Amino acid sequence: MHASEVFALLRDGHPRTRAELAASTGVARSTVAARIDQLMRLGLVAPSGGTSTGGRPPSLFAMNPEARLVTGVDVGATHVALVLADLSGRVHAESATALDVAEGPEAVLSWVTTTVTRCLGELGRQRGDLAAVGMGLPGPVEHATGRPINPPIMPGWDRYDVPRRVQKDLDVPVLVDNDVNIMALGEQSAFPATRDLVFVKVATGIGAGIISGGKLQRGAQGTAGDVGHVRVARAGDVTCRCGNTGCLEAVASGPALARTLREAGLPAETGEDVVDLTRAGDLTALRVVRQAGRDLGEVLATLVNLINPAVVVIGGRLAGAGEHLLAGIREVVYQRSLPLATEHLRLRASSVGDQAAVKGAVALAIGHALSPEQIELDVQRLDASS
């Protein structure tokens, strides 16, 4: 019986007695007491109030979410945002700045570590109270190393050792992933009981974060969910920025829709312009966005059949087009997917919005800090120092 197994029972925040924990685990109360003592020395568990029914009140124990803090960082194309949260995900401090990722890793990561240190001081916490950092980057990431791999909008970042640079200042584990995967974790917070969810970001590019069986699926090389470069029938021989032709991104991304509207004589330079014209009720924009939804639906119908998610969430800038985009997606997904796969499928726009990335980065950091492996490592270090 390991301390992490006892902690797993207390992580839900519900206080329990030693006797209840012993009954749940099937081990002696003395063993449970020893593991609770280890967890209390780590600060992860604390006594909780008990109600007496006559005589001595029972000793209750519960997770102590404020024992440690984690940092969630969202690095965007032109901004950086971060939060400090406790182990329950409750935010204690936050900060953001306009900073172009093209300025390079040193400028961006220096701001991150300096801001984290400042926020810790303002909270009256020490650097040792920080358990982990989670970070999302706007490009492909080799998750095992945390290094960006050939990121198209991040000059100077290719194969840069992001975790090592952050650890130099903060000396904590650093978990790095691409922004879509991070956002999928953030969106899952709105569906806490859902173990199978797909988040689709529709913006300058198109990508999906896939959570299956409760775990984020990255694939062998970290490219799982790259739906933007799946061929769709209507795209024909339109050239995509990846070099192939007929990709979904070439006809349904923000820049692609803006190009289509310009060709129709409308003033659209960006995805935001497309959304503004749609919200204003422009009939051409409505038609173009609805067709983009159908193109997305063509790819997502296959994904629904393969992955069988309970929830598909549409986010990114073009999600601002609202029901016009979703209507096109639903039209094709429900027509082409298997009836059993769509019987209870929920397909909706993001409810987390701009906070998805930092929420996901926090979830990534907490998942590492409270993993059984990390808790057992912390216990070993604690025992070795005693």
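## The second largest pocket

In the account that follows, Ala, Val, Leu, Ile, Met, Phe, Trp, Tyr, Cys and Pro count as nonpolar, Asp, Glu, Lys and Arg as charged, and the others, Gly among them, as polar. The structure described here is a predicted model. On that division, the lining of the second largest pocket comprises 14 nonpolar, eleven polar and six charged residues.

The volume of the second largest pocket is about 970 Å³. Its lining is made up of 31 residues, and those nearest the centre are Leu185, Gln188, Ala363, Leu364 and Gly367. At least two lining residues come from each of strand 6 (91-98), helix 6 (179-188), strand 13 and helix 13 (356-369). The greatest contribution is that of helix 13, which provides eight residues.

Five strands are arranged in an open sheet with the order 13-12-11-14-15, and their pairing is mixed.

Strand 12 (residues 206-212) and strand 13 run antiparallel and are joined by three bridges. Ser212 has Lys215 of strand 13 as its bridge partner. Helix 11 (residues 323-336) packs on the sheet, where it touches strand 14 (311-315) and strand 15. The direction of helix 11 makes about 165 degrees with that of strand 15.

## Arg218 and its surroundings

Arg218 lies in the loop between strand 13 (215-217) and helix 7 (249-252). Through its side chain, Arg218 makes a polar contact of 2.6 Å with the side chain of Asp177.

When residues up to four places away in sequence are not counted, Arg218 touches His143, Asp177, Asn181, Thr223, Ala224 and Leu364. One of these, Leu364, is also among the residues nearest the centre of the second largest pocket.

Strand 2 and strand 3 (residues 60-63) run antiparallel, with four bridges joining them. In this pairing, Ala46 has Ala62 of strand 3 as its bridge partner.

Definitions and conventions. Residues numbered from 1 in each chain as written. Predicted model: local features only at pLDDT ≥ 70, side-chain atom pairs only at ≥ 80, totals over all residues. Heavy atoms only, no water. Polar contact = N/O pair within 3.5 Å; in protein donor to acceptor, adjacent residues only side chain to side chain. Contact = heavy atoms within 4.5 Å. 1 Å grid on protein atoms, 1.4 Å probe; cavity = no way out; pocket = protein on both sides within 12 Å on 5 of 7 lines; lining within 4 Å. Points joined across faces, edges and corners; volume = space filled by probe spheres on them. Pairing = 2+ DSSP bridges. Axes fitted to C-alpha atoms, helices over the stretch in contact; angles between N-to-C directions.
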